[in-house]
Amino acid sequence: MINERMLGLGKQPNPIRVQYAYGLKRKAEIGEENVYDLSIGNPSIPAPPAVRARIEELLEEPPEVLHGYTMAAGLESARQAVADNLRERFGIPATAAQVYLTAGATAALYITTAAITHPGDEVIVNAPYFTEYKVMIESAQCSCVEVPMRASDFQLDIDALRAAVNVKTAAVVINSPNNPVGCIYTEQNIKDLAAMLEEKEAEVGHPIYLISDEPYREITYGKEVPFTANYYRDTIVCYSWAKSLSLPGERIGYIYVSDLMGDAADVAAAVGGAGRALGFICAPVLFQRVIETCINEPTNVDAYAANRALLTGMLDELGYEYIQPDGAFYLWVKALEDDSQAFCDKARNHDLLLVNSDCFGVPGWARAGYCVSATTIKNSRKAWEALKTDYE
Ligand code: PLP
């Protein structure tokens with residue numbers, strides 16, 4: 001018999017991908033230049049030339065070697081490259097044994113959640129939050145507990161989090177720079193979170209893990225992103241090169257279980273076990289090899305910074321409200337009515353494709369991704385104008 005939950009998920013796919021699929025269809029009908037698809041987080045900046053050079057170099061290797069299986073956690077050399085990178089950049093005493101390579105941040109998040117929870121546990125997310133967290137948490141048979149971020153500045157609401165933590169809390173998920181809002185949690189905010197979680201760990205008598213989802217770590221516009229594992233011992237970092245190296249379709253990322261954690265080796269072993277149980281073993285090998293040498297390639301954010309200025313300037317002129325993003329490549333725009341879906345449907349009538357905020361756990365907003373060409377943003381002006389007129 002079909003699993004009802006899976007049937008439901010299959011029949012109601014991720015709304016971001018629904019918009020994206022509609023965009024592709026619509027572009028075929030009316031021409032690419034007439035559709036302003038700001039739905040999906042597909043980087044518009046090409047991968048660095050070093051990635052292509054490395055792939056070409058690797059293609060010279062004997063195919064049976066190049067395409068062979070690696071150990072479940074990945075190649076020792078690639079894991080070592082990650083540990084070296086974390087040590088050099090953030091000063092954490094990272095070791096390769098604590099690194100598990102994954103098919104992107106998605107696999108990293110699923111493995112991590114499975115490794116540190118039991119059915120019936122609670123996992124806290126900060127709303128608005130990345131759409132797939134709820135699916136991931138519920139797949140581990142846990143409850144997704146939503147705590148709103150502070151409305152005034154989109155920082156973590158420590159008092160609200162404190163009130164939500166209880167003996168059933170297995171983990172708190174944070175994501176900074178944030179999708180969908182673009183906020184970056186300050187060092188003080190992370191310190192306050194760490195202090196509160198330490199206090200709560202002592203009270204409940206078990207670890208409360210911090211799952212730090214960091215695919216946008218390098219996509220920032222001037223503000224520092226504190227490295228969470230330096231502030232809180234029980235941190236597990238989930239990372240992806242999807243955005244920083246513009247490799248979303250290649251599915252390559254990692255889990256880093258902090259070496260500073262009390263039971264670090266056991267948690268890393270549980271991550272290996274969860275990888276095995278879920279079938280997430282041996283991340284795509286060609287890209288493990290790319291990472292070995294390209295891990296220190298700088299991320300070019302110039303085009304995103306320019307797009308951010310272009311889009312916010314335009315929305316200022318048109319009188320839209322939004323949250324100024326400090327990182328990632330999304331703009332969180334106040335919908336012009338309470339019903340976000342209705343607002344996005346009206347936008348779609350003008351071939352402007354946004355994502356409704358309900359799927360991020362919050363009503364009344366919409367997400368506009370500016371990881372597109374500057375021309376798309378410029379050309380979208382008439383659609384934003386027409387959308388505004390719909391409400392006048
Ligand atoms: N976490 C966040 C916050 C994201 O925005 C995304 C993708 O957009 C992911 C995780 C998934 O990343 P990946 O494509 O590497 O699986």
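Predicted model: local features only at pLDDT ≥ 70, side-chain atom pairs only at ≥ 80, totals over all residues.
View 1. Gln141 is placed in the loop between helix 7 (132-139) and strand 4 (143-148). The phi of Gln141 is near 60°, which is a positive value in a residue other than glycine.

**View 2. Cys282, a buried residue with a positive phi.** Cys282 also has a positive phi although it is a residue other than glycine, and here the value is near 55°. The loop that holds Cys282 runs between helix 10 and helix 11. With a relative accessible area of 18%, Cys282 is buried, because that term is used for values under 20%.

**View 3. Helix 5 and what covers it.** Helix 5 is made of the 15 residues 76-90, and from its first C-alpha to its last it reaches 21 Å, close to the 21 Å expected at 1.5 Å a residue. Its buried residues are Ala78, Arg79, Ala81, Val82, Ala83, Asn85, Leu86 and Phe90. Among the elements that cover these buried residues are strand 2 (99-102), strand 8 (253-257) and helix 11 (285-294). After helix 5 comes Gly91, and the phi of Gly91 is positive, near 75°.

View 4. Arg89 and Glu218 form a salt bridge in which the closest N and O atoms are 2.9 Å apart. This pair links distant parts of the chain, since Arg89 belongs to helix 5 while Glu218 belongs to the loop between strand 6 (209-213) and strand 7 (235-240), 129 residues apart. Arg89 is partly exposed, with a relative accessible area of 40%, whereas Glu218 is buried, with a relative accessible area of 18%.

View 5. The relative accessible area of Lys223 is 47%, so Lys223 is partly exposed, while Asp326, at 18% relative accessibility, counts as buried.

View 6. The side chains of Arg150 and Asp153 meet in a salt bridge, with 2.7 Å from N to O. Arg150 counts as partly exposed at 30% relative accessibility, and Asp153 counts as partly exposed at 34%. Elsewhere, a network of salt bridges links Arg54, Glu57, Glu61, Arg289 and Glu292. The count of salt bridges comes to 25.

**View 7. The packing of helix 6 with helix 10.** Two packed helices are described by the angle between their axes and by the distance between those axes. Helix 6 (residues 104-116) and helix 10 (residues 264-278) pack at an angle of about 115°, and their axes are 8 Å apart. The crossing of helix 6 with helix 10 is right-handed. Helix 6 makes the contact with Tyr110, Ile111, Ala114, Ala115 and Ile116, and helix 10 makes it with Val267, Ala270, Val271, Ala274, Gly275 and Leu278. Of the residues in this contact, ten are nonpolar and one is polar, and there are no charged ones.

View 8. Ser176 and Pro177 are joined by a cis peptide bond, for which omega is about -5°. Asn179 and Pro180 are likewise joined by a cis peptide bond, with an omega of about 20°. Pro177 is found in the loop between strand 5 (169-175) and helix 9 (187-204), and Pro180 has its place in the loop between strand 5 and helix 9.

**View 9. Lys334 and its contacts.** Lys334 is placed in strand 10, and at 30% relative accessibility it counts as partly exposed. If residues up to four places away in sequence are not counted, Lys334 touches Glu321, Phe343, Gly364 and Trp365. Lys334 and Leu161 are 173 residues apart in sequence, and their C-alpha atoms are 25 Å apart in space.

Notes. Residues numbered from 1 in each chain as written. Heavy atoms only, no water. Helix = DSSP H or I, 4+ residues; strand = E, 2+ residues; numbered from the N terminus. Expected span 1.5 Å × (residues − 1). Buried < 20%, exposed > 50% of the residue type's maximum accessible area, 1.4 Å probe, protein only. Contact = heavy atoms within 4.5 Å. Salt bridge = Lys/Arg side-chain N within 4 Å of Asp/Glu carboxyl O. Axes fitted to C-alpha atoms, helices over the stretch in contact; angles between N-to-C directions. Left-handed = near helix turned anticlockwise from the far one by under 90°. Nonpolar A, V, L, I, M, F, W, Y, C, P; charged D, E, K, R; others polar.
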